[in-house]
Amino acid sequence: MAEDSDLEKTEEPTGRRIEQAREKGQIPQSRELGTFLVLIVAASTLWMMGGWFMERAIEITRKAFSFEPRYMHEPAMMVPRLAEVSGDAFFLFAPLFGLLVLASVLPPFFLNAWVFSPTALVPDIKRMNPLAGLGRMFSWNSLMELGKAILKALLVGGVAVLLISSQRDEIFGLLAEPLETALAHAGRMVLFAFLMLVLTLFLVVAADVPFQLWHYYHKLKMTKDEVKQEMKEMMGDPHVKGRIRSLQMQAARRRMMQSVPQADVIVTNPTHFSVALSYKAGMAAPKVVAKGTGAVAMKIREVAAEHAVPTLEAPPLARALYKHADLDKEIPAALYNAVAEVLAYIYQLAQWRQAGGAYPVPPRQLPVPPELVPEAA
């Protein structure tokens, strides 16, 4: 389809796209890096420990082929003898084999591609399709691998020819040396040539690793629509998010209304604002337990009336509290004096209801800083 065309995949893969690919077992791979690590470990180990390997191998060989008459008369001893020699050979080469195994599992660490994916272990019937197999054989990727193999063969072959030509005199000189000296000399020459050929592969690795990384991320590139769809999935559908916010607001409003009966006073701007205040012994300052505008403000006043919570009309203070005081938080320090006068009036009103006497006069000119009062709605 046109939307899947590489020409439209202009966006770099997102972190989520890369993580999904890793979960499917799709990681950057470089065969050249794996081959190079195994060979360089083998060459280095043999170069540094070749003498020790040779001495121990000669000892084991002499031990294995030495003639002992008692084995001729006790054939049952031959099996333990074979097991002993085999054990010696195993322990001789165990360090080398262990290093080679370690080298074979290191490439993913260098490519940041170490991952265990059960999905990659699931059989895929599509891979058994012979037509798909033929398609992969003649794909651009296969042609690229063929070209890379040819270049690698030419490079390694060229270095081998240079090594042989440069050591030609030494090679022919081996014929004039004693057998043991010639064998040791030939071993050093072979190890040196092997090490040089392996180091030559570093040039191939230096070119292949960046290419494989580029090719991997290029395949994961996305179209603009895919990026938008992923962002929508991560951020959530706007309609769903709107519904969630609506439900959250409704739940918060219900909790707020449950706090209104415990309020000491409702400060109102008669038609638009309502703010419920509460002050208990031990509080540092009064706090807002409910606030709202419009229909919510009307509902606060209705709940307050049902539970006999006193209400005071103080438009500037109501607007200032609604604007600058957070729900379930203490009021701003700049409004302490104004709220203190309101609470004093409420306490006087409570005393009047209990003992009677002169009706307390509601405060009219509250000390509300003008800069805290928003424009009247």
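The unreviewed UniProt entry lists residues 33-53, 82-103, 146-166 and 186-211 under "transmembrane region". The structure examined here is a predicted model, and two of the annotated segments were characterised in it. Residues 82-103 are 100% helix and 0% strand, and the C-alpha atoms at the ends of this segment lie 31 Å apart. Residues 186-211 are likewise 100% helix and 0% strand; here the end C-alpha atoms are separated by 38 Å.

The chain as a whole contains 14 helices and four strands. Of its 377 residues, 30% count as buried. The accessible surface amounts to about 25,100 Å², with carbon and sulfur atoms contributing 65% of that area. Among contacts in the chain with a separation of 6 or more, 74% are between residues 24 or more positions apart.

A nonpolar patch is found on the surface. The patch consists of Trp47, Met48, Met49, Trp52 and Phe192, which together have about 530 Å² of accessible area. Helix α2, spanning residues 31-65, supplies the largest share of the patch, with four residues. Phe192 belongs to helix α9, which covers residues 179-219. The relative accessible area of Phe192 is 31%, and this residue is therefore classed as partly exposed, the limits of that class being 20% and 50%.

Strand β1, formed by residues 265-269, is mostly covered, as five of its five residues are buried. The cover extends to both faces of β1. Val265, Val267 and Asn269 are buried on one side, and Ile266 and Thr268 are buried on the other.

Two pairings involve β1. With strand β2 (residues 273-278), β1 pairs in the antiparallel sense over five bridges. These two strands form a hairpin, with three residues between them. Within this pairing, Asn269 stands opposite Phe273 of β2. With strand β4 (residues 311-313), the pairing of β1 is in the parallel sense and runs over three bridges. Thr268 has Glu313 as its bridge partner in β4.

Terms used. Residues are numbered from 1 along each chain as its sequence is written. This is a predicted model: local features need pLDDT of at least 70, side-chain atom pairs count only at pLDDT 80 or more; totals for chains, interfaces and linings use all residues. Side-chain values use heavy atoms; hydrogens and water are left out. Patches are made of residues with over 30% relative accessible area and no salt bridge: like charges are joined within 9 Å, nonpolar side chains (Val, Leu, Ile, Met, Phe, Trp, Tyr) within 5 Å. Accessible areas come from the Shrake-Rupley method with a 1.4 Å probe; for residues, only the protein chains shown count as cover. A salt bridge is a side-chain nitrogen of Lys or Arg within 4 Å of a carboxyl oxygen of Asp or Glu. Buried means under 20% relative accessible area, exposed over 50%, partly exposed in between (1.4 Å probe, protein chains only). Two strands pair if DSSP finds at least two bridges between them. UniProt positions are given in the numbering used here, feature names are shortened, and annotations may be inferred rather than shown by experiment. Contact means heavy atoms within 4.5 Å.
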